[in-house]
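User: I am new to this structure and would like to learn how to read its features one at a time. Could you take me through them slowly?

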Amino acid sequence: YNSFVMLENISPYKKPAWKRAYDSLKENPSLSNVIEVLFKVHQRGSNIKTELICGLFHFLSVATVLAVNPAQLSEGGYIKSEVASGTAISVAVTCILTGLFGNLPFVSTPTLATSIYLSAFMKNKNLSPASGNAVVLIVGILLTLCTQKQLSLIIKMIMPKALQLGICIGLSILVALTALVRLGLVKQGYETILTLGDIWTLQVIIAMASFIAIASCQYYGIAGAYIIGLLFGSVTYWTITLSWPRQIMQTYQIHVELNLLSLIRPSLWICIFDIFIIALVLLAGLSTSLASLAGIEKDDGAAPRSRWLYFACGIGTILGSVMGSGPVIPSSESAIAISSGARTGLSAIVCGLLFILSAFWYPIWANIPIAGTGPVFLMVGVLLFENTKRVNWDDKSEVITVFITAIFASLTDSIFHGVIFGSMIHLILLAITGRLQEPLNKFYDSLTKLFASKSQDKSFYNPVSSLELTSFDTVETAGNPKDGDDDLTLFPKGANSIMEFLTDVQSDKSYEIEGEKKHYQAII
């Protein structure tokens, strides 16, 4: 009975989800019922009006990416107007896929951390945007492959908690430093590495006022804090300098630039590693925390249908490689709309549609000054720095690992270097303190369970129709490797395969077992 437990009193057959949805739509094809079947709005304690309003909140919360992403990628040679429009389209597609297939109230955008790494790497290596797009394409393919649960779990197991926290904290330092340098508030020193710049310039004064505006809006829970601060700084700067955008709307033509031959350079794969690790760590952490905030997490704390989230982000990133907008992952600003009542993917779809409309306004987004984008950079650094509260400050080995990872990741401009040095210190400290065996055993057990469960799933669908089975005959399950394990399965009389038995049970067919006709249910 290792594989099956035979129980009396079979429960009623439950139709697949798609079949139940089809039957419901067939009975009541009204728009409200279609929305309920697709998104389970009322089942999750929400309503259509709330979801539509929260979709607008989503857009207002993350619309700053249309200005911030082009401003950053332009440092690597990208054209601002093309990046702004490409960002709008890639975000729109990702949000619609996430809402439609994953039914998750998450909005995904190009993250500032990956944009900074990509633009800095391209600038230092003198690479063209076509080579940068090739890097983003590979990252998108890797994120799409992470829809296979085994792959994503293995990668997460390789990255211990201390390394993940070190990466996030290192990114917070890098993002904040980038903003301060571009504002001119910090510059290279003569006797010191860095020194204070001119704090009385117009853009610094306006940027500090915008930063205070964003912080105040967040303190009082005002939706759209980032877009309020960005518009305040931009409009103020345009008014004083008389540098208003000359156009408001314009049609967009896609220019595809991909240089796949550049991938033969080993240095590009280090950049791919850096960006992929950033995306994976942020995606896994944000999806879990956002699902918990929305109250839709599974028993293990993960987001429901998370594989569709990886799929949507992978497709959005692949599209971003074609349109020059960078990798796309869930945005922490999704928490604003979730706190306001967003519970389903309907809000994400509304946000996606608004981003499609905003694609035609790229002349405005491309002309946002640093006085408007700088405060957003700083606030993103604040959000990433909040990960310090997750550090176990009583465990010195964890604290040291986090510190080393953060310092090397931020000061060398490379997640790869941070992970290498952080991993070395982490393993050495575990060995010295006699705790190395525990994580190794945990990792081995996790891999064993992972592939064992995968093997069992395959054996479940393998028929054994070539065997003549009698009542309570014991046979080895077909398809399992003969490794000496007693992986045995019981079949009732007349069942030639596992699937045939389950199908017959669901159709309420009885089997004659030990002279009595009874109904049984198989439980894996």
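User: Is W238 buried or exposed, and how is that read?

Analyst: This is a predicted model, and burial is read from relative accessible area, where a value under 20% counts as buried and one over 50% as exposed. W238 has 6% relative accessibility, and therefore counts as buried, whereas W244, at 46%, counts as partly exposed.

User: How many aromatic pairs does a search of the whole structure find?

Analyst: The search finds six aromatic pairs. One of them joins W238 and W244, whose rings lie 5.6 Å apart centre to centre with 45° between the planes, an arrangement that counts as tilted. Another pair, F408 with F421, is stacked, with 4.2 Å from centre to centre and 10° between the planes. That pair links distant parts of the chain, since F408 belongs to helix 18 (residues 396–411) and F421 to helix 19 (residues 415–432), 13 residues apart. F408 is partly exposed because its relative accessibility is 27%, and F421, at 35%, is partly exposed as well.

User: Which residues form one aromatic cluster?

Analyst: F101, W308 and F311 form that cluster.

User: Which residues is S358 in contact with, leaving aside its neighbours within four places in sequence?

Analyst: With those neighbours left aside, S358 is in contact with F59, L66, A88 and W365. S358 is found in helix 15, which covers residues 345–358, and with a relative accessible area of 1% S358 is buried.

User: How many disulfides does a search of the whole structure find?

Analyst: The search finds zero disulfides. As for cysteines, C54 counts as buried because its relative accessibility is 1%, and C271, at 3%, counts as buried too.

Terms used: Residues numbered from 1 in each chain as written. Predicted model: local features only at pLDDT ≥ 70, side-chain atom pairs only at ≥ 80, totals over all residues. Heavy atoms only, no water. Disulfide = S-S within 2.5 Å. Buried < 20%, exposed > 50% of the residue type's maximum accessible area, 1.4 Å probe, protein only. Helix = DSSP H or I, 4+ residues; strand = E, 2+ residues; numbered from the N terminus. Contact = heavy atoms within 4.5 Å. Phe/Tyr/Trp six-rings, centres within 6.5 Å; stacked < 30°, edge-to-face > 60°.
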